[in-house]
Protein chains: 4
Amino acid sequence: MREAFKSKYELFRQKTYIIIYGTNTFAGRLFDLILLGLILLSVILVMLETIQGFDVKYHDELVFLEWIITIFFSIEYILRILTIKKPTKYIFSFYGIIDLIATLPMYLSFFITGTSVLTVVRALRLLRLFKILNHPQFSSQSVHLRESIMASRGRILVFMYFVLISCILIGSIMYVVEGPESGFTSIPTAIYWCIVTLTTVGYGDISPITPLGQFIASFVMIMGYGIIAVPTGIVTAEIAKNNLIREQKNKRICKNCASEENSISAKFCSECGHEL
Amino acid sequence: MREAFKSKYELFRQKTYIIIYGTNTFAGRLFDLILLGLILLSVILVMLETIQGFDVKYHDELVFLEWIITIFFSIEYILRILTIKKPTKYIFSFYGIIDLIATLPMYLSFFITGTSVLTVVRALRLLRLFKILNHPQFSSQSVHLRESIMASRGRILVFMYFVLISCILIGSIMYVVEGPESGFTSIPTAIYWCIVTLTTVGYGDISPITPLGQFIASFVMIMGYGIIAVPTGIVTAEIAKNNLIREQKNKRICKNCASEENSISAKFCSECGHEL
Amino acid sequence: MREAFKSKYELFRQKTYIIIYGTNTFAGRLFDLILLGLILLSVILVMLETIQGFDVKYHDELVFLEWIITIFFSIEYILRILTIKKPTKYIFSFYGIIDLIATLPMYLSFFITGTSVLTVVRALRLLRLFKILNHPQFSSQSVHLRESIMASRGRILVFMYFVLISCILIGSIMYVVEGPESGFTSIPTAIYWCIVTLTTVGYGDISPITPLGQFIASFVMIMGYGIIAVPTGIVTAEIAKNNLIREQKNKRICKNCASEENSISAKFCSECGHEL
Amino acid sequence: MREAFKSKYELFRQKTYIIIYGTNTFAGRLFDLILLGLILLSVILVMLETIQGFDVKYHDELVFLEWIITIFFSIEYILRILTIKKPTKYIFSFYGIIDLIATLPMYLSFFITGTSVLTVVRALRLLRLFKILNHPQFSSQSVHLRESIMASRGRILVFMYFVLISCILIGSIMYVVEGPESGFTSIPTAIYWCIVTLTTVGYGDISPITPLGQFIASFVMIMGYGIIAVPTGIVTAEIAKNNLIREQKNKRICKNCASEENSISAKFCSECGHEL
């Protein structure tokens, strides 16, 4: 009888595994969609909870719904560990850690008040969408993009380092020129202003009022205008290169003369005239 | 006599069709220009109506003019249905639906007050300009642009999804760090702030005041600075590729099959294999 | 004696022509530099005049200096007409018209007060710098840039038209959603807000305060974020293409096999191995 | 005995040289890291000193730490001069001048109060990081970036000159249109506003309030939107070209002369004419 139970449990494990981890069956896809919907709902719930008027009115309903979702997530997390062959691999994977972090805050709220806002980390679970949408063309887009950004990482870091040193120097000059009356109360604040200006965000919470300060600010802005071109240029050139490489990979090779210059739609080799 | 009337009506229909739908005859072009002028005028009228001082002074004149334009549009709409062979095709086409929506609000204002502001949807009729300006070079520009944007749509959506998740997380952190005193009254508001900052709009209606908040904000801005490079890079690379393909396509014409698909370095036509 | 005067005058005309119009002689270059300095000075004078504290203190000196410059410009203008062979050609040229407009405002100030601010049009005379700096490499840069911008003009206009129609529609929606309490006092104001937001300028003089308004605004910003990519992409692709064409023009042609594939630094043809 | 001292001193000089200037030995690397840490610490100290609450509480500690760092820097500077073969070369080099300027302000604070803020120039010493990180791939990134920016310098300057002239003209128009009531108190202020707007920073400290002013501002913003594309395009095209050249250079190595300059489609080496 113990055997029978074990084999039944094994069957249940396999079926659950296909539903929870799989995306090919109908049940698997439905489970993923419901999960994604619940993640989205739980993120929205945390948001609503922070809106005062709303929280006062519907506090109990919000907490009730959050607990239901938390329990669902907890069950899902336990099932994920039980049904997989190597639980440690899942537990210490990127998604595994996020899944754990996503369930903890509500339980923590028993002991410490105000931790429920941490449930917003569930937003990270929204990245699961990419697991569901594992359409080849779509994921190749994503890979392509990541590659381009990775390849240009080095140069962007070099560039950012220069920008930060400039910000420290310009911030200090502005602190001396403008002084605390204009809102430049300290060098860190002035550096904050410089970053706000260079990135063209421009809140206007701190802005120069002396003519000299406005002159330097104008200089910083025009510099920032030119500077914005650099990271854009780096990434663009990288994506363009990547595009070109992909394009070339799609070219057809002639069996007669081994020319690689033929486009994918060509019917005859452009080098020797042999039919492709 | 009925026959004569029918043939006369048929003639009128044909003539009207050429004027309303055609752009090759003088009358057709004149009609399109007058129509465009009236659309522009009606859009300006709705705008003026919302300026308080102006509306008080010239209310009657504004309403009078709007009714004239509405009646003109109504007649035009009826004529468009009467003169075309397949009225249903026009009625359910993109422009057909817009044309209907553009005339309705004024009639609705009999029953419900305040709907006249809806007449601003007439602005969509301004898209007709592209029908009038159907110069081949011009419309190819438009097609070329749409193609590039369409081709980069996938990657931009992937990118936007990442940005939105980041905004939710950063917004929540800022809500906890800054609190309602700085204007971060709820997580949705904090997310709104994050979008305002990441897109470098930077209204300044909400801005961090605590040192830690300003530090995180600086980080977000520099991130946004790097991030702005990505969609630009995607679209630019796509347009550049499109340019290159168009350039290459125009290069070599085969004398045998008149194919224009041959690249500049090709020795044999890629369509028929004939020597170039 | 009249003949002698005439020939002397002719000589004076020629010498003056070389100084005023020429840039090759030392005197010609010196004249251009002094002229540019005076233009800059006069622009700065107009600026200083508008600074209240400064104007009150040094009003007489400012007016005196401006009159001296105006008289110098007047004499220069008359000499330019006298010494050139076809005066009408100069008078109706781009620079000729600017030169005239640059001298008139001060004379007009006799009859109408407050016209002295118009002397700022002299800033346009600063474009003369390009005439002085007619170094071939420099002016080729300028031509190259203008070509790229001209070539992408068509597509940018199409794009701008779409953006304007979007702004009218979004502005109207925001006017209805936010209303006059948030600063959206009329549709034109709302359109102004939409342009401020879409271009990521973001003054913050008008900003949405209702949750729905902030949601729509977020959408507009993210749209604007993607939209900023389009003109950048168009211009970049154009410049890149232009660069490529210039690069190819610099390639060397092999005398043996007429291959155009050799780079400018190559010593042997890459197609047939013949010495270049 | 004097000889022995001299040889000992020589040995000390050599050892110190390796530690201070070298980056290959463990001691050399450690020294560089400690130096960089101290530079960073001293920059942070200056920042903290300007934060009022903090300075009042920890003034003595801050000054004490700053003096220790200054003394360390002074000793380092003297050792750098003593151990190098050609001291003048170091003293008048870029880093030599920065190193001197970085130590002076604290000594100056004996005679003049308020100079301690100048110690922030030490931030420039952070550029030393590039000396420490002289990993070939990393420094090639840096060189590559500098080359691209240098190559596009000419065109960006031409462009900036046009933008500045436009700003003067637009600023003057806005000064006339808006007047001092809206914050456009003088033409220089209006030019400052124009730069703030064109670069899409948009503080909002000055913003148009008259309908005409808002209309012109909208025009300026849309112009600025198109204008932002130009420097981006110039830099991007340059980086893309540089990428392409680097890519192509790495493609084909000649077996005869080991030249790496051959493009992928070359059949003969462009340096020695040998068949590839």
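Predicted model: local features only at pLDDT ≥ 70, side-chain atom pairs only at ≥ 80, totals over all residues.
## Cysteines

Over all chains the count of disulfides comes to zero. A:Cys167 takes part in no disulfide, and the nearest cysteine sulfur to it, that of A:Cys194, lies 3.7 Å away. Because a disulfide requires two cysteine sulfur atoms within 2.5 Å, the 3.7 Å between the sulfur of A:Cys194 and that of A:Cys167 is too far for a bond.

Both residues of this pair are shielded by protein: A:Cys167 counts as buried because its relative accessibility is 2%, and A:Cys194 counts as buried at 0%.

## Helices H2 and H3 of chain D

In chain D, helix H2 (residues 26-50) and helix H3 (residues 52-83) have axes that come within 9 Å and cross at roughly 145 degrees, and the crossing of H2(D) and H3(D) is left-handed. The contact draws on residues of H2(D) including D:Phe31, D:Leu35, D:Leu38 and D:Glu49, and on residues of H3(D) including D:Leu62, D:Ile69, D:Phe72, D:Phe73 and D:Arg80.

## The interface of chains A and D

The size of an interface is often given as the accessible area lost when the parts come together. Chain A and chain D bury about 3,900 Å² between them, with 75% of that area on carbon and sulfur atoms. On the side of chain A, the residues that lose the most area to chain D are A:Arg155, A:Tyr161 and A:Tyr225, which together account for 20% of what that side buries. The contact involves 46 residues from chain A and 45 residues from chain D.

Conventions. Residues numbered from 1 in each chain as written. Chains lettered and ligands numbered in written order. Heavy atoms only, no water. Buried < 20%, exposed > 50% of the residue type's maximum accessible area, 1.4 Å probe, protein only. Axes fitted to C-alpha atoms, helices over the stretch in contact; angles between N-to-C directions. Helix = DSSP H or I, 4+ residues; strand = E, 2+ residues; numbered from the N terminus. Left-handed = near helix turned anticlockwise from the far one by under 90°. Contact = heavy atoms within 4.5 Å. Buried area = accessible area lost by both parts, 1.4 Å probe.
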